Amino acid sequence: MRLTVARLRRVVKADLPIEFVPQQLTSYGGLELLRRYFRLLDLHRRIRRVFSRYGLGGDYGAGRLIVLVIGLLVVGARRLEHLRYLAHDPLVARLCGLARLPSDRTVVNWLKQFTQEALQALVTLNSELLYEQVERLDLPRLTIDVDGTVVRTGNTVAWAFRGFNPHHKKDPSYYPLLAHLAQTGHILRLKNRPGNVHDSRGAVQFLRELIHELRGRFGRRLPLEFRMDAAFFQEAILALLTREGCEYAIKVGFWKWVGLKSLVAAQRHWTRITAQVSAFETQLRLDPWDLTLRVVVYRKHVDHQTRKNFQLDLFSPDDGHFEYSAVTTNKALAPAALWAFIAGRGAQEKTYGELKGEFAFDVVPTHHYGANSALYLLRPRESNSLLRREEYGRRG
């Protein structure tokens, strides 16, 4: 028997009284605070405004289903089938504005309705909500780390291919590209990709859209600085960042055509940075790009030979072994300050670890590429970002 729309939805107006008294409480009582927060954001109206043209949501409505997915994360659910354990919880239903929760199959079918246009609308909504939170922090600059991360999938997941996965080389995967805000841990932008692409595939368009979005929201007075690894050391990316007036620090690979190995082998004077790290600075001429870059080369003293410094074994020193790295930058930083700045990229790994262990990247919910992309956009950006705003406020 088909239920009517009126029996699926409910109107929630008044606030539930919250009292801290010694009596038996529901496990999900905190969802009432989350519901009030979403009401302050006017979240349901914003979702309806964005998705009304796409016909998403069916009888339940896109706004209610989006809030349901976020609610699953907040209560600790990781998979869509965990809806079965929450089907009769009154506070979960109240959070979503529903009298009856949908089944996990209904949510999966809804996610499969996301087209590329609908996904772009979801990106726009996420950005609008996120930038409001960043704007309130009044940050003096935005430090953005761009990198990809491997998400293992099943063998039948659409657009999942074998790619760069050193620990599980035969497993199909996705390779999403992320922009991470270092000051707060927000995920500013996410683009899902098949697992067999290069780390920088689509990075130029990804960065261009992100920069224009940030400029349109915060203006050109707010400095933007980017940190990336050697996979993003490309002529088009350097040209884009320079043209847009963005600062950058990008790792440089010790490839043969770059010519760094010969410079390091000929270097006799190194400036001490720390007890283990020393550096020298050079103007590196790249004839294939008709470009001259400021590059700082670092060496770190280690106790033994490692895989990391094996390919960079330029010579056999008599004072131990070294790991080498190089960074090109247009920032006015001394080598010591630049070393500390580029080392700050490690903070994004903690955020990625959370995404893979507790948020959207923990599971691949469907075999459908659009559905998986929609869930990736929903859970790490709306949920993780909104929760991190309060954490950053406590840290000051």
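View 1. Nine strands form an open sheet with mixed pairing, in the order β5-β4-β1-β6-β7-β11-β10-β9-β8. The edge strands, β5 (187-191) and β8 (271-272), each pair on one side only. Two strands pair if DSSP finds at least two bridges between them. Strands (E, at least two residues) and helices (H or I, at least four) are DSSP runs, numbered from the N terminus. This is a predicted model, in which local features need pLDDT of at least 70 and side-chain atom pairs count only at pLDDT 80 or more, while totals for chains, interfaces and linings use all residues. Residues are numbered from 1 along each chain as its sequence is written, and side-chain values use heavy atoms, with hydrogens and water left out.

**View 2. Strands β4 and β5.** β4 (residues 177-181) pairs with β5 in the antiparallel sense, over four bridges. L178 has L190 of β5 as its bridge partner.

**View 3. A nonpolar surface patch.** The patch consists of I18, F20 and L33, which together have about 380 Å² of accessible area (Shrake-Rupley method, 1.4 Å probe; for residues, only the protein chains shown count as cover). I18 lies in the loop between α1 (5-8) and α2 (31-41). I18 is partly exposed, at 41% relative accessibility.

**View 4. Cysteines C96 and C246.** C96 is buried, with a relative accessible area of 2%, and C246 is buried at 2% (buried: under 20%; exposed: over 50%; partly exposed: in between; 1.4 Å probe, protein chains only). The whole structure has zero disulfides (pairs of cysteine sulfur atoms within 2.5 Å).

Key
Patches are made of residues with over 30% relative accessible area and no salt bridge: like charges are joined within 9 Å, nonpolar side chains (Val, Leu, Ile, Met, Phe, Trp, Tyr) within 5 Å. A salt bridge is a side-chain nitrogen of Lys or Arg within 4 Å of a carboxyl oxygen of Asp or Glu.
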